[in-house]
Amino acid sequence: MKTGHSAFSLRRINAITVNTLTELTRLKVFYFLLVFAVLLIGSSMFMAQLTFQQEFQILKDVSLGAMSIFTSLLAIVATARLIPQDIEDRTVYTILAKPVPRFEYVLGKIAGVLLLLAIGTVVMSAVFFLVLYAREQTLLHVTMRQTAAAPREQVEEALRAVRASAFDIDIVPGIVIIYLKACLLAALTLFVSTFATTNIFTIVVMAFIYFIGHLQAIAREYWLQTHSSALVTRIFLAIVALLFPDLQAFNLVDDIVAGTAISLGLFFKTAVLGVFYTTIYTLLAAFVFYGKEL
Amino acid sequence: MPPAASRFDMTDPAVAVRGLTKTFPVPFHRQSIVAVRDLDLRVESGEVYGLLGPNGSGKSTTLKIILGLVSPTRGRTEIFGRDSRLVESREAVGFLPENPYFYKYLTGEETLRFFGRLCGLGGALLKSRINELLNLVGLTKARKRRLGTYSKGMLQRIGLAQALIHDPKLVVLDEPTAGVDPAGSREIRDLILDLRRRGITVLLSSHLLAQAQEICDRVGILADGVLVREGRLQELIAIENQSELVIADASPPLIDEIESLVNRSNAKLIERRKSTTTLERLFLEATKNDQARMTKPE
């Protein structure tokens, strides 16, 4: 039988990735979160009975906020059980007794979660854009009706205002950053789960990290303003930043809702930060799992 | 690419364990638990080797170290001459863990495809291998059923099939018949004997001694992590100064004559009794007849 062993095999990683994705799509929590997010996005269009600018603002705020929370929750809940469950069920023995390096197993697992998050994000974005488009079309018709007797320039101006309030190109990079934040959280959860004893422990630790991650930027600013900015302080803060990623840096939703343009520089800086953290935590997870006694 | 077997030196023993010790630290205590102590073991290519012992004697730990799942505290283990900590050594090994639990949402066929891909197989080769193995373990009809609906015996058989997916030269089975009914157990026993006929080395752990006696060429007995006995089964269980004669259709006068012949010599007759079947055979025969009655048309 031709089964020559290679140190790195995309076929093996792909097999684990596809299997992880299949496993996760069978989790009821995934459907629950997705349905909940879809409901929230869908219902947000009925919440506002204000001016169209306010209505679009609320729609974007609620939808992007819900996407951020649900992808983060999905990343933590779905990842927390992956490796511990395989160990508990002994399926990990059967997999690692094959010529599969442990880092490939970890890579396959995280790739499966990232794929799931990508699918979730795309589905939620599609629903969001559909709702946004539907409301835009409705409001365009209403505006045309209301300004039927007005001069042509005034009508054009009113329609332009509706279109400008509806779709904003900055939503797209905003969603990419939401996805990258979820990837970071998934990789960090995978890392914690390699040494955690229970799923609950992993989820509790991740809940702490989530809140610390969102608050640490404020705490850092306060610390640097009220205390010295000596080298030791900066090193300490850098270590804290590595252990607890600055999740607030991934929050571009407020800027998008406020209509502030996201610069290309800010987008790339945040995206690189997300990829960097995801890579580091995946490598740490692979390192801990490599030395784990099964 | 050369076949897996040819890249391993088949003149080396299938498994060689030298001076193996494994200790597990106890949290918040200075001392640690010794699971295996100074173990030397050698499984020759082509034989069925039984690692026997009570629960907690170190059988599973030894197997896990051989498979590279657990690292040894001291000593070395090799598979066909290769350090078993190396991932490529597992190319020659198939493993069935105790009470295996596979992904319930996969069908029998998908399970074999998943494990085949992990071994680098694909395309027509994998497809034909899946068909061959499903046929070998008698699960062709259940190939599209999810594993969640499989019985314990069926799970053991699909487990054996995944262990064989990449045509390994060594199969490691941890308690292969644990929790399986006598009929399922007999099927697994027959499959193991079939593997031996094909020249595949089998290393199995068990505490079901009657079964081990039926299939093993050599056995090693572990107690508290120490190998207390090892050797060819027939040599280990033979009673040097005793012999058995099993005679069919002998009349009572003939038996009496043999007995008096023994009494006239220096030998001593220890026991005279009717031959019996085993409880397992009786059970299998009885349930087979029962099955036949149930399927017989009115």
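This is a predicted model: local features need pLDDT of at least 70, side-chain atom pairs count only at pLDDT 80 or more; totals for chains, interfaces and linings use all residues.
Student: How many residues of chain A and of chain B are in contact?

Tutor: Contact means heavy atoms within 4.5 Å. Chain A and chain B bury about 3400 Å² between them, 61% of it on carbon and sulfur atoms; buried area is the accessible area (1.4 Å probe) that two parts lose on being put together, summed over both. The residues in contact are 31 of chain A and 41 of chain B.

Student: Which residues form the salt bridge between chain A and chain B?

Tutor: A salt bridge is a side-chain nitrogen of Lys or Arg within 4 Å of a carboxyl oxygen of Asp or Glu, and the count between the two chains is 1. One partner is in the segment after helix H12 (264-290) of chain A, and the other is in strand S1 (residues 15-25) of chain B; helices (H or I, at least four residues) and strands (E, at least two) are DSSP runs, numbered from the N terminus. The N to O distance is 2.5 Å, and the residues are A:Glu293 and B:Lys22.

Student: Which residue of chain B is in contact with A:Lys109?

Tutor: A:Lys109 belongs to helix H6 of chain A and is buried, with a relative accessible area of 0%. Neighbours within four places in sequence are left aside; among the contacts that A:Lys109 then has in chain A are A:Glu23 and A:Asp86, and the contact in chain B is B:Tyr103.

Student: What is the angle between the planes of B:Phe114 and B:Phe115?

Tutor: Rings of Phe, Tyr and Trp (its six-membered ring) pair if their centres lie within 6.5 Å; planes under 30 degrees apart count as stacked, over 60 as edge-to-face and the rest as tilted. The count over all chains is 12 aromatic pairs. B:Phe114 and B:Phe115 also belong to one aromatic cluster with B:Phe102, B:Tyr103 and B:Tyr105. Their pair is edge-to-face, with centres 5.1 Å apart and an angle of 65°.

Student: How many residues apart in sequence are the parts tied together by B:Arg143 and B:Glu109?

Tutor: The closest N and O atoms of this salt bridge are 3.1 Å apart. B:Arg143 lies in the loop between helix H3 (123-136) and helix H4 (152-163) of chain B, whereas B:Glu109 lies in helix H2 (residues 108-118), so the parts tied together are separated in sequence by 34 residues.

Student: What is the phi of B:Glu175?

Tutor: B:Glu175 is in the loop between strand S7 (170-174) and helix H5 (182-197) of chain B. With 4% relative accessibility, B:Glu175 counts as buried. Although this residue is not a glycine, its phi is positive, at about 45°.

How values were computed. Residues are numbered from 1 along each chain as its sequence is written. Chains are lettered from A and ligands numbered from 1 in the order in which they are written. Side-chain values use heavy atoms; hydrogens and water are left out. Buried means under 20% relative accessible area, exposed over 50%, partly exposed in between (1.4 Å probe, protein chains only).
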